[in-house]
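Thanks for coming. Please look at the next slide before I go through it.

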Amino acid sequence: MNLDYHALAPEIIVAVTILVVLSLDLSLPTRLKWVVAVVGVIGLMAATVPVLTLAFGDDVGPRVMLGGTYVVDDFALVFKGVFLAAGYIVLLMSVSYIESDRYYMGEYYVLMLVSILGSVIMASSRDLITLFVGLELVTGPLFLLAGWRKGDSKSNESALKFFILGVLSTAILLYGMSFLYGLTGSVKFDDIRAASGALADNGAFQMAILFTLIGFAFKVSAVPFHAWAPDTYEGAPTPVTAYLSVSSKAAGFVGLLLLTYLAFPQVTDVWGPAMWILAAASMTLGNLVALRQHNIVRMLAYSSIAQGGFILVPFAAAAANNNAILPDAFSATVVYMVIYAFMNLGAFAFVIAATAKTGSGEINSFAGMGSYAPGLGLVGAVFFLSLAGVPPMAGWFAKFVMFQAVLSAQSGWVTALAVIAVLNAVIAFVYYARIAKVMWMDPVAPGAASLVSRPAPVSASLGLAIALSLIFVMVAGVLPQIAAFFGEASKALASGL
Amino acid sequence: MIVSQFLVLASLLFSLGVYGLLVRRNAVTVLLAVELMLAGVNINFIAFESVIRDSLASGQIFTIFVLTIAAAEVGIGLGIVLLIFRNRATGNVDELDLMKW
């Protein structure tokens, strides 16, 4: 068997980094433990090099390996790049957070890197087995990371809730996959697509599709499968929450994109209505509940459920009008996902810095931050207004491509969904803007006068994480063709059908 | 080869697992319920493979992966349950109600 080692280089580098981090952690004395984090961060940076050389080097088309079950094409490279960059930013956020905790730090980086490796593998998977193994590699370590603060009952509880619903969704997903295999006779997406046309009216096949979609709906925390998300987000350490809401969610969307566009494009009338319901319910419920949250992390949990709903909207549009806009809907989802990843990471990095400053996760405790920590207040306002979709931050372009794809579908049902999305964008603006208002217009709370003189504890690595997210959000907002490039590059996957 | 009997058995096991997961309150029993669901999935895969007989034996391969990952997941789950039992002296899922919306 001939393996293309250049194409596999990102996975190999991350895997080697995991082993090095693990053995360093065993052998280093306590005072040198910080080296572990540095090695992990460098390993992720090294893994992005082959992603770039594969993307911009000699153009040989998709590199197909292992009998078509593992493919490195532009879609895979876009998401590998996003996963590695997001993992890099999360590790930077983790360094000071984990050091300030009293818990041991070595395994944290090992578990995080394993999860990143899983997401990188998922982006290349083109059959059910690889997709499943990649997905489990992403979520398995996250169960443990959610319960990282071993003495904290909230953290324990969040881990158990995440675990139970996580394995339930895995079992549902696998049950659906077993019927897909049984009815189509293959686990490869290409073969499933070829066989699916004749099975469109088969009840068992439709059930299998819905089961696999429900499995992934849990992973992307779409309403009504979102129950675990707010509790897990609140109880888990904040960098892990950032990872859950960005990379783990993106991995779920990669699975959805691959299944719906690559395996089931012939049976859009089965999954299209389901996606319509998931999108409408996620946007509406996520936003309405986010409105009345007092805790910033819980608010971000519901806001990320709502953002997940916006990302699901193009799926519903793709199914309309005889698949006319399949490639456009595909690229709209990819662009939204990429922009969302960076602005949400930035928002969480801000939350880590701000809660360290005020010592509280309540939104009201941020009152007057603009007056005593103007830099932090400005950064927070930028990320939250970007999430709301205010130009010139990148968020507006994500919503723009989403609406563009939806309106070009020219179907009554999809236009109704667009109306729901517009209303939700307005609701979302209210609670995102409220945070900016609290920071810049409200007076400092009477009891919080000591905060004014307290030195800002933003560490260098957390500052770098904020800066990287900020640069992407600002540049992609002013020059949206940068974000559009990701969508155009990955579009080939959906248009070649 | 009659496949439907195996599918019925698998669906019964799967449903029993879902029921157990939703109804039983003890965290260890919940883990057992998950194992039942995955056993149903494995029977499905093997039954389908015995009919399809594709060249790569994908169904059997898939079953081996499911078994392996299920073992790892139960290990993780037991770790979390032990941790909670150590902190709270309870294995009852209903008593974990620190966070509500």
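Predicted model: local features only at pLDDT ≥ 70, side-chain atom pairs only at ≥ 80, totals over all residues.

Residues are numbered from 1 along each chain as its sequence is written, and chains are lettered from A and ligands numbered from 1 in the order in which they are written.

Chain A has 20 helices and two strands; these are DSSP runs, H or I of at least four residues for helices and E of at least two for strands, numbered from the N terminus. Its C-alpha atoms fill a box of roughly 70 × 55 × 45 Å along the principal axes. Of the 497 residues in chain A, 62% are buried, meaning that 20 or more other C-beta atoms, placed from the backbone, lie within 10 Å of the residue's own; exposed means 12 or fewer, and partly exposed is in between.

Now the interface. In chain B, 35 residues are in contact with 34 residues of chain A, contact being C-beta atoms, placed from the backbone, within 7 Å. On the chain B side, helices H1 (4-23), H2 (27-52) and H3 (58-88) each give two or more residues. The largest share, 16 residues, comes from H3(B).

A:Gly197 sits in the loop between helix H7 (189-196) and helix H8 (203-219) of chain A.

Technical notes. Contact = placed C-beta atoms within 7 Å.
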